[in-house]
Amino acid sequence: MPLWTNLYGGVVIGTDVANAIALDAGGNVLVTGYSGNGFSTDYATIKYSNAGVPLWTNRYNGRGNTLDQATAIKVDNSGNVFVTGYSINSSNFYHYATIAYSGAG
C-alpha cells in the first residue's frame with residue numbers, strides 16, 4: 001500500500017518527466033526532471049515533505065529558451081540542493097547547466 005502519491009502536471013498541458021530523486025536528512029523527497037512550457041522544456045525540481053506535501057517547485061528556463069532537461073540531483077549535508085543537466089542555447093549548442101538551491105528552495 002503506498003504511503004503517498006503525488007503528480008506534477010506542469011504549467012501547461014505537455015510532457016513532464018522525472019529523471020532523478022534524492023532524499024535530504026529530514027526525509028524530504030526531491031525530484032527533478034523536465035516539464036513542457038508550451039514551446040520547449042524547462043528543468044522542474046520539486047521538494048516534497050516526507051508526508052508527500054509539496055514544499056516548493058522551481059523551474060529553470062535556460063538562455064536559449066529551448067530544451068532544458070535536468071538529469072541528476074544531490075543534497076549536501078547542509079540541505080542545499082544541486083541539480084544538473086543540459087541546456088541548449090539559441091544556436092543549438094548543448095551546454096550543461098547546474099543550479100544550487102537552498103533547502104528552502
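Two strands pair if DSSP finds at least two bridges between them. In this predicted model, strand 5 and strand 6 meet that test with 7 bridges, in the antiparallel sense.

**Strands 1 and 2**
- Strand 1 covers residues 16-23, and strand 2 covers 29-36.
- The two run antiparallel and are joined by 7 bridges.
- Aspartate 16 stands opposite serine 35 of strand 2.
- Their hairpin has 5 residues between the strands, and glycine 27 there takes a positive phi near 85 degrees.

**Strands 2 and 3**
- Strand 3 spans residues 41-48.
- Strand 2 and strand 3 run antiparallel, with 8 bridges joining them.
- Threonine 32 faces its opposite number, threonine 45, in strand 3.
- This hairpin has 4 residues between the strands, and its glycine 38 has a positive phi near 105 degrees.
- Strand 3 is largely enclosed by the rest of the structure, because 8 of its 8 residues are buried.

**Strands 3 and 4**
- Strand 4 takes in residues 54-60, and its antiparallel pairing with strand 3 runs over 6 bridges.
- Lysine 47 has tryptophan 56, in strand 4, as its bridge partner.

**Strands 5 and 6**
- Strand 5 runs over 68-75 and strand 6 over 81-88.
- Glutamine 69 has tyrosine 86, in strand 6, as its bridge partner.
- There are 5 residues between the two strands of this hairpin, and glycine 79 in the turn has a positive phi of about 90 degrees.

**Nonpolar core**
- The largest nonpolar core holds 13 residues.
- Leu30, Tyr43, Ile73, Val81, Val83 and Tyr101 have the most contacts inside it.
- Strand 1, strand 5, strand 6 and strand 7 (94-101) each give two or more residues to this core.
- Nonpolar side chains tend to be buried together in soluble globular proteins.
- Setting aside neighbours within four places in sequence, isoleucine 73 is in contact with residues that include Ala20, Ile21 and Ala22.
- The list for isoleucine 73 also includes Leu30, Val31 and Thr32, along with Val81, Phe82 and Val83.

**Largest pocket**
- The largest pocket contains about 220 Å³ of space.
- Its lining has 13 residues; Tyr8, Val17, Ala18, Val31 and Ile46 are the closest to its centre.
- Strand 1, strand 2 and strand 3 each supply two or more lining residues.
- Strand 2 gives the largest share of the lining, 4 residues.
- By type, the lining divides into 9 nonpolar, 3 polar and 1 charged.

**Asparagine 37**
- Asparagine 37 sits in the loop between strand 2 and strand 3.
- Beyond its neighbours within four places in sequence, asparagine 37 is in contact with Val11, Val12, Asp42, Arg59, Asn61 and Asn65.
- Asparagine 37 and aspartate 24 are 13 residues apart along the chain, and their C-alpha atoms are separated by 28 Å.

Conventions. Residues numbered from 1 in each chain as written. Predicted model: local features only at pLDDT ≥ 70, side-chain atom pairs only at ≥ 80, totals over all residues. Heavy atoms only, no water. Core = buried A, V, L, I, M, F, W, Y, C linked by side-chain atoms within 4.5 Å. Buried < 20%, exposed > 50% of the residue type's maximum accessible area, 1.4 Å probe, protein only. Contact = heavy atoms within 4.5 Å. 1 Å grid on protein atoms, 1.4 Å probe; cavity = no way out; pocket = protein on both sides within 12 Å on 5 of 7 lines; lining within 4 Å. Points joined across faces, edges and corners; volume = space filled by probe spheres on them. Nonpolar A, V, L, I, M, F, W, Y, C, P; charged D, E, K, R; others polar.
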